Each structure stands twice: as structure tokens, then as C-alpha cells.
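This briefing goes through the model by topic. The sequence and structure come before the notes.

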Amino acid sequence: MSLEILVATILTIITAATPLVFAATGELITEKAGVLNLGVEGMMLTGAVTGFATVFFIDNAVLACLAAMAAGMLTALIFAFLVLGLQASQVATGLALTIFGIGLSALLGQNMVGIAYAGLPKLYIPFVSDLPVLGPLLFNHDALVYLSLALPLAVAWFLYRTRAGLILRAVGDSHDAAHAIGYPVIAIRYMATLFGGAMAGLAGAYLSLSYSPMWVENMSAGRGWIALALVVFGTWRPWRVFLGAYLFGGITILQLHAQAFGIAVASQFMSMLPYIATIVVLVLISRDPTRIRLNAPACIGKPFHPAA
Amino acid sequence: MSNRHSTDHQEQDRQTSVEEERAINGHATTTPLLALSGITKSFPGTLANDHVDFDVAPGEIHALLGENGAGKSTLVKIIYGILKADAGQIAWKGEPVVIDSPNTARRFGIAMVFQHFSLFDALTVVENIALGMDEPGDMAALEARIEQVSHSYGLPLHPRRHVHSLSVGERQRIEIVRCLLQEPSLLVMDEPTSVLTPQEVEKLFETLRRLSDEGMSILYISHKLDEIRALCHRATILRLGRRVADAVPSEETSRSLAAMMMGEELQGEARPPTATVGEVRLRVSHLSLPAADEFGVDLKDVSFEVRGGEILGIAGVAGNGQNELTDALSGERPSVSPGTIVIDETECGLKGPDARRALGLCCVPEQRLGHGAVPDMSLAENSYLTAHHRMGLTRHGIMRSDARDTFADRVIDSFRVKCNGHQSQASSLSGGNLQKFIVGREISQDPGVVVVSQPTWGVDAGSAAAIQSELIKLAEAGSAVLVISQDLDELMQISNRIAAICAGALSEVIGIEQATVEGMGLMMGGASLEDTHAEA
Amino acid sequence: MLRLERRPQNSRTMMYLSPVFALALTLAAGVVLFSIMRVDPAEALYAFFIEPLTTTYGITELGVKATPLILIGVALAIGFRASVWNIGAEGQLTLGAIAGGGVGLALYEVEGFWVLPLMLAAAIAGGMAWAAIPAFLRTRFNANEILVSLMLTYVATLLLSYLVHGPWRDPGGFNFPESRVFHDAATLPIIVDGSRLHLGFALALFVVVATWVMISRTLIGFQVRVIGSAPRAGQYAGFSQNAIIWLTLLFGGACAGLAGVVEVAGPIGQLLPSISPGYGFTAIIVAFVGRLHPLGVLLAGLLMALSYLGGENAQISLNLPLAVTGVFQGLLLFMLLACDVLIRYRIRLRTRSAT
């Protein structure tokens, strides 16, 4: 394989992994606080369409990303209000959020289907970006890619090095104990859920502004669900989740390069790979219940209603 | 960054020592450290606290005594700011104050050790302690302080251990050390001894007396009369949410305290029935079962027999394999070979709960809601849950709802379950009533063997007495009854023979006439019978 | 401020009223939505919810659309009662269509009354096989059935796409990705002349009644409810959680597979790359709105079918985008979940608390 193909392959892995990093890391924080939000797919789509609409109307990439995050947070807020405020089932509400997000994004994006966008600007750093091999590999990405690299670092630091992170983990481990000591369980869970929404929105923005810069209905194609699986795969640790996202990025691009390697398999079968890989990975991680129990936040998915 | 924190600590230390001095002065001038007046708190359907007044003097160990449901826990939650009183005043060092959150309580210098620990299993000891402090500062410094404080008070702890790997006694140490690090002027302890062996209790009391000598006030909540007489300077007695008496426990007898606590309900002490012992109905031989996961306890070579007509009691501190033993007996976790469990001469070690129930073994698990009963289902459906087979409530796979309702009504009537008929949802019943229903449901199936785990845990005194007498009646009628309980007093009252379980292993079984509280305490701590004789 | 106060006992009244409240709130939200879209709300709501029912044909179409929703909704309701979250009914539906349709294509122009039953049986088997994967992985490896069943949906869709683009493409179809049109013996009989209402609707009604008896009257149904509500209590009673997981997933797969074949052997008449507008997902809403009760699912299925019909009608008459249907469906589920708080809680005005 020539050097150019290798570089191109690595670049596609990065672009395929980046949205997963955002969505999965956001969900990681949400789940660490004890909330299971199955609506990642819906939040991503809402973020994607909002981001695209913003560049379409205002043509400002930064605002587009912020708008996508805000949209993700808004949908996460609906979810949070239902499960935290009204004690609705987290599983059912997460599914509702996905269904709603698919419908809402399709409605909002109906007039933008098929319009292309130039894509997010690459950050050009004089001299280093022009280096052979290393330049395109390391120094010629858009800002979101760099942000996605910093995100696990920041989240790991937050969770394991700050008091706020300790409190977040405590709330996810035992909401009753946290409440008894005097921590505002519900408020902390709201914030964690909103962060998850913002990251899912940003993941959506990356899809519609950079990965394939246009709006297509249902364009997340199950990535929200894969992100959920990645959190389990990473046993709720930021760096393992990050690693998982890149692993999946690698699998995703296999389908793109299969023909290049002369593999004569129908494209549909190659496209199945990420989904089948998700199942395989889930099975590998889940078959040891002790490992899940030791790593999963103990209160995940359980409703909290402080005794009167 | 760490510098700033350590200065904060020094300041905090100075401040606390000043507070301590004030506290000691306060003792001399008898301004109470904490004074409550007219505290009232109601929940839908109950008045938990009804105009309660009492005060705690500096340096005093003050008991709050009452039965389950007397309103003790509600009161301490109000003091610690978890609950808000509907009416009444709280004064701290003579000043009226509002305690609206645990944070406020801690700022005043109130620390609390909960009955059900507020610990985080997935976190380490030092993380747990840091969470309970307002200004934990640098983690490394905190670790050092934990080591120092825990050793100087005889409560050794490893700061980096994860809580899920600790014993119940060690977990309580975390709570106490967490409180001590705050150098509080008032330490509130809610039923601290229910999870300890008698020997551990004695050690705890030594620590508490030392703290009191150093000027700390302790509010000690319990329903155990002997403990209060041994430890506390003064006692406030609550009944049905009201303060009914004050007492100096050392001047009272257990009986006079009990009379104040229980009012007219006081009954004569139940005596062990003179059992006419029949055939062996349950035989457990060399039952070993690895724990289901690393949070559980392995059962190690457990062997015993229960004969028709007798009650065998198994004592033990919580978390020593009681739940595992109950599950192994009920069939929820089948054992590895058929011969380990024999019911009426039929081997059934590999059989499931259904088959064992068919053979006559009925079981009452420790946890009522969610294990012994389905919270969201009616009592009728809950009676069908375990009785569908023995009572013939199913025909050709179809539920016989009339027969089911009749059976539920019979249980409700004969066990005096207070509810709105068999349509009542299980979760709407009080703990005592639901327990009466579950025990009643199992006993009404005419079982040859009954296994009951924690029959009266968290149950009001009236229901507890009723349940105990039903168990005695059942044994007298020829069934074999096995009672697994944390409440040693209860077992001493109702058992014919008794044993202790510790770390998944069962002690020798002894006749009740040979059993003493001290001896049982040692056995609950894992000592063999010979050891207990040697120590005695 | 509002405050939630736990009811001592779940309210049965609210259990039935909640969907009504939710529907009212959804319609109110619809008024707002249409106003934002600058459409007369009265006109739009009429086009959505009334106009489709003004003709006999419209009413039979309601049955056509409701058939897969009811079939799948009933099965999902049973699963949800047992806390088994089969989210992949869409994939099981697709596999049912592939298996049943495959039999139809293999027996192309073979006459015989047995062709159709064979197709239905193959579809049921196909759906069950697809659902058996999450059941096996959950019971054997503890893998989350939500994610597994959902991932399999994408796999199923791609499989169908491969088949109609490749081996099963109609040789005389000008290279369009479509299979041959099923011949008569492989097509469901119509039960109302002049309409598309087919035998599948009758099958769906039968499944509703059978499931109702099963869940409310039998020991098996009782086990399903206990395992879902309190798994430890089920274990204590001697019920096997794994058996219930298998049972509910296989039942879900069977019903979804059946729904898939009645679509392709009914109104569609051939295999296409896309054979369902998301019936498998909408059925989740149907199950919840129907209170996880077979009779409720019947009503909810008709309601949700109306939202599809209304969406198509509003697209034609008012030029409204089809996506409005999806928004309505999502909103309805949100509103329902919100209103369900009233079953377990009372809403009280927060009283000033004395200290």
C-alpha cells in the first residue's frame, strides 16, 4: 500500500471516529451521573439539522456548532424534565426522544435536502501543515477534530481529579447516599444530561458540517446507538471509550476501502460491519457480569425520588 | 493549590477548638448545645413527630429511645437538615437556628452516622470521606489524616480500599471517621449497633465514651435498652411520635424503660415453647456454594437438621451469608449435588423453588418489597405468586381468580393484615402488615418446613409479636421452622436450638438453654464453641 | 412550584385518562406547530384526523395501516411488561418480509392454497430467528437486548437492500431494485371488496384476543408480569427470567415477522428496498399509548394508523411535509410519559413550609 493511501485511510478513520467520540463521551458523563439516555440518536439528528441550518442561513461555522450544541441540550432538557422531574421511565423516554428527534429533524430539514456545504474550514498552521505525511495527518483538520482529541483528556481530568467529578460519580453510584449527605442529586443529573445533549448535538454538527457536509434525513444512521454501545465497551472510562470510537472508525472505513483492496463483496455486506462489530463487542464486554457490575454506575437508569 | 487548602484546615482547626472550649463552658453554665421545642412533622397518613421537645447538653451522651415507628429517625433527619419540620424551633448553643440542609448542619458542627450507611460502594474510603466533608482539601493530606484519626480512636482503616470490599463493621468505621474529621460538637448516631457483634459494640462504646470525655455531645438513637443503660447519661423516650418521658437510664431497669417505650403494649416475655420434637424434616449436609458475584459470601460446608416441632435459630451479623443461605434453601440458587438438601427424606439440592415448595418447603425472604412480594401487584396476585401450586389456584395453565381471591382473603383475615381488601397494592401496606401477609401466605400453605429470614426486621412491636407467636404455633403443630435473624434477643426468645453464621460458615448448633448472649456474640464473630468456653 | 406526592396506591383512573390527556396535549402542541408553519390549525387538524375517516375507503385504509402496528404493538407490549426491551421489531419485520417474500418468489406462479400459509409460516420463522439472536446473546452473554436488536435492524435493512438489488431483482424490471410482483396465490385475500383491507387485519384481531387471554388469565402471563415488575420476586416464586426473555423476544419476532409478510403480500405486493415507514418503531409508541394492554394496543394502533393516513392526506391537500407525522408520534409519546406521572403521583401546589 502506498503512503498516500495509508494517510488517506487514517484520515477517514479520524473523521469516522470523531462524531462517535463526542456522542459517546457525552453519554459517558450522563451515565456516570446515573442517567441512561437512549435518545442519543435523536439528539444527534437534531444537532445535525440545526448546525446545517445555521450555516445555511448565517454561514458561520462557530455559531453553527454552538447552535447544534444548544439544540442537543434543548432536546436533552425535555428528556431530563420527563425522567428527573416527572419520574418517567428512562428507557421509554429515551426511545421517545429518538423517535421525536428523527421526526423533528426531518421536518426542520425538509427544505435543505440535497444542498451542499463546503465543509468546516481546516485549521491551517503555517509550515507544519505543509509537512509531508505528518502535515495532512496531524495538522490539517478542522477544529472539531482537535476538540474531540482534547475531550477525553478533559473528561478524565474532570471525573478523576476534581471534586465536582467525584460528586458526579458519587451521585451515579448511590443517589440515596448522595442525597443523605446533602448533594443536589436532581440538579447534578440535569447538568450531566445537558452535557450529554450538548456533545450529541456537536456530534451531529460534525456529521452535517464536516463528515458529509449536507443534510440528509436520518443521516446519523445508528451512530447514536453505536455511541451508547461504546460507553459499555469502554466500561465507562473516557480513554477506553475514545479507543473504542477509533476502533469503530477503522471498521467503518473498511467498507470504503474494500474495493480498493480488491475484495469483491456486495457493498451492503461491508456496510453491515459496524453494526455487527457493535454486537460482537457488546457480547465480549457483557459476558463477564462482574466486570459490568464493578464499572457500571450502580444507579444507572433508576429513578430518584427523595423520600418526603 | 494544596497550600491554600492546608491553611484553610489550620483555620478550621483553630475555629473548632474555640468552639470546643465554648462547648465545655456551656456544660458548666448548662446552656444546652441543642434544644428542640415543639417539633412537629407529618407525612400523608401519619404524624411522625408531634410537638417533641428535648435538649442535649455539651459532653453528654443522650439517648433517643423508642420502638420502630416511634419517630426517632424522622426527628434526627430534621436535626440533620434532611427533612424540614412542619412546626417547631431548633436552638443551637442557645440561639434559634434554621437547619435547612445537611451542609448547614455540618457548618454548625453536627455530624451524623446513618443507620443505613451513606456510602458509595464503587469509591474508595478516602473518596467517601471527602464527599462527606465541606472542605476536604488535598487528597493525600486527607489520607494521612484518616490514617492518623482512625488509628488514634481504634478504628483502623485503609484509605485507598474500595468500599465494596469492606465488611459492615469497617463500613461503619468510615462513617464515624468521616464525622470525627469534621471535629463536630454533636455526633448523631442512628441505630449504630444493629450491624455489629456484641464485642464490636463494646469497642464502639469505648470510643464513644472517650469522645464524650473529650467534650463531644452524642445523640444516640436506639431501641436496645441494655445498650442505653450501659452508655447514655440521659434518655428521651418517644412513643408514636410524642415525647412520653425523660429518664436517667442508669437509674432505670430495662423493664421500666421498656414500659415507658411501649406503654400499654408491654407483654410478658415469650418463653421458648416446650417442643415435642419429631422426625427430621429438613436436612442440610455439607452445603458449599460459591458466591454469585464478588459482592456476595461463599457458603462453606454448612450442615444442620431441623426436626418437626422445633424452631432452629440462626444468628449472625448482616452480610455473613444469611441471604445466600436463604436463597440456597428456597431453591433460588440450586446447589451442586442433590443430597445437600433433603426435605422429608426427598433429595432436592438441584431442584428449583417450585419443586421445593411442592415438597413442603415454604420460604420468607428478608426483603419484603420486590423479593417476597411484587410491589405493584395486589395482595390477591401476590398470594398467587407462591401459592398457585400448593393451593391449586391454577387449572390447565389458567388462573382461578375466585380461588385466588378466597385464599388471599383467608390470609388477610387470619393474620389480621390491615389493608383495603385483597385488591390493595402490596406497596401500600406498612412494613409490619406486609410482613404479616407474606408470613401468613407461606404458613397458610400448610408447609412441612418453613424458612424465615429476618421475620421482624423493621416491623412494629405488635406485628412482630404476632409473627413470632404464629411461628411458634406452626412449630407446635409439627412443622420444622428455621429462623434466620440479626436480632439475637428475638432468637433467644423463640428458638429451641440456636447456631450462628459467620463468613458463610455455620457454628455448632446448641440448645437454647446452653446459649448466652456473650457466647453467641463470640460465635457470631467466628469463634467455635470451645473458644467461647475458653473465654468464659 | 408544583410538588409530586406519591399516591399510596397507583390510580387506575389516571391509568386510563393519561392517554386522553396526552392526546389533548399533543393536539394543542399541533395547533402551535401548525401556527408556526403558517398553516390554519383547524384546517390542518381536520386534514390530519377527520378527513381520512370521511370515506369508506379511508376507514379500510386505516385497517391496512393499523394491521402491522397492532401486530407488532401487541407483541412489544408483552415484552415491555416483562422489561424485555425489543427495539428491533423493524428488523424482525424486515426478516419476516424477506423469508415470507422469499418463499413467495421461490414458488413463483406455483398455484395452491398452501403457498400463502407457507409464506406466513416462513415469515414467522424468519422474524423469530432474527429475535432469537438478541435472546440468545442476552441470556447467554448478558448483552443488552436494546442495542443488539437495534443493530440487527440496520443489518436486516441492508440484507433486504442487497437482495432486491441483486439476486431477487425482477428480471423484467428495467434494473429497478424491486422483486417480481407476487402472483395471486402468494397474495393475501382482500376482505372488503374495493379496498386494500386484507386478511392480515383479521389475523391481527385474533392475535389481540389471544394475547389478552394469555396475559391476563394464564400462569405464563402472570410470570411475564411478575418478571417485569419485580424480577427477584419472580425468581423467588420459581419463574425463570431467561425463559421469559426467550418467550417475549420470540413472540415479538413472530408477530413482527408476520407483520412484515402481510405488508409485502398485502398492500405492497412485492419486495422493495424499503417496505415499512418505521412501523417497528411506531409500534413502540403504540404499545405505550395502549397501556401495554392488548385492547389498548388495538385502539392505539388505529390512532397511530390515522396519523400516517392524516400525514399523507395533509401532504396532498395542504402540501404539509410528511415528517409532521413523525413529530406528532414522538410528541404523543412524550406527552403520554409526562401524563403518566399522574398514575403514581399527585400534583400538589407546594405549600409554604414552616421551620
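B:W92 stands opposite B:E95 in β5(B). This is a predicted model, in which local features need pLDDT of at least 70, side-chain atom pairs count only at pLDDT 80 or more, and totals for chains, interfaces and linings use all residues. Residues are numbered from 1 along each chain as its sequence is written, while chains are lettered from A and ligands numbered from 1 in the order in which they are written.

- β4(B) and strand β5 (residues 95–97) of chain B are antiparallel and share three bridges; two strands count as paired if DSSP finds at least two bridges between them.
- Helices (H or I, at least four residues) and strands (E, at least two) are DSSP runs, numbered from the N terminus.
- Two residues lie between β4(B) and β5(B) in a hairpin, and B:K93 in its turn has a positive phi of about 50°.
- β4 (residues 87–92) of chain B also pairs with strand β1 (residues 34–43) of chain B, antiparallel and through five bridges.
- B:T40 has B:A87 as its bridge partner in β4(B).

**Chain B overall**

- Chain B contains 18 helices and 23 strands.
- Of its 536 residues, 50% are buried, where buried means that 20 or more other C-beta atoms, placed from the backbone, lie within 10 Å of the residue's own.
- Among contacts in chain B with a separation of 6 or more, 67% are between residues 24 or more positions apart; a contact requires C-beta atoms, placed from the backbone, within 7 Å.
- Chain B is assigned domain 1 (2–264) and domain 2 (280–535), with bounds that come from an automatic or database domain assignment.
- The centres of domain 1 and domain 2 of chain B, taken over C-alpha atoms, are 34 Å apart.
- Domain 1 of chain B gives 12 residues to the contact and domain 2 of chain B gives 14 residues.
- On the side of domain 1 of chain B that touches domain 2 of chain B there are five nonpolar, six polar and one charged residues. Here Ala, Val, Leu, Ile, Met, Phe, Trp, Tyr, Cys and Pro count as nonpolar, Asp, Glu, Lys and Arg as charged, and the others, Gly among them, as polar.

**The six-stranded sheet of chain B**

- The order β6-β7-β8-β3-β9-β10 (chain B) describes an open sheet of six strands with mixed pairing.
- β6 (110–113) and β10 (242–247) of chain B are the edge strands with a single partner each, so one side of each has no neighbour in the sheet.
- From one strand to the next, the twist averages 20°; angles run from 0 to 180 degrees between N-to-C directions, and axes are lines fitted to C-alpha atoms, for helices over the stretch in contact.
- Helix α2 (residues 72–79) of chain B packs on this sheet, where it touches β3 (61–65), β6, β7 (186–190), β8 (217–222) and β9 of chain B, and its direction makes about 150° with that of β7(B).
- Helix α7 (residues 198–213) of chain B lies across β3, β7 and β8 of chain B and runs at about 145° to β8(B).
- Strand β9 (residues 234–239) of chain B is antiparallel to β10(B), with five bridges between them, and B:A235 is opposite B:A247 in β10(B).

**The four-stranded sheet of chain B**

- Four strands in the order β12-β11-β14-β15 (chain B) make an open sheet with antiparallel pairing.
- At its edges are β12 (299–307) and β15 (346–347) of chain B; each has a single partner strand, so one side of each lacks a neighbour in the sheet.
- Six bridges link β12(B) to strand β11 (residues 280–289) of chain B, with B:V280 opposite B:R307 in β12(B).
- Helix α10 (residues 322–330) of chain B lies across β11, β12 and β14 (341–343) of chain B, at about 60° to β12(B).

- Chain C and chain A are in contact through 38 residues of chain C and 38 residues of chain A.
- On chain C, α5 (115–141), α6 (145–165), α11 (279–289) and α13 (323–339) each give two or more residues to the side that touches chain A.
- That side of chain C has 30 nonpolar, seven polar and one charged residues.
- Helices α7 (residues 199–217) and α12 (residues 294–318) of chain C pack at about 145°, with axes 8 Å apart.
- The largest nonpolar core has 391 residues, and A:L230, B:V188, C:I72 and C:C255 have the most contacts inside it. Such a core is a set of buried Ala, Val, Leu, Ile, Met, Phe, Trp, Tyr and Cys residues joined through C-beta atoms within 7 Å.

Note on methods. Contact = placed C-beta atoms within 7 Å. Buried ≥ 20, exposed ≤ 12 C-beta atoms within 10 Å, placed from the backbone.
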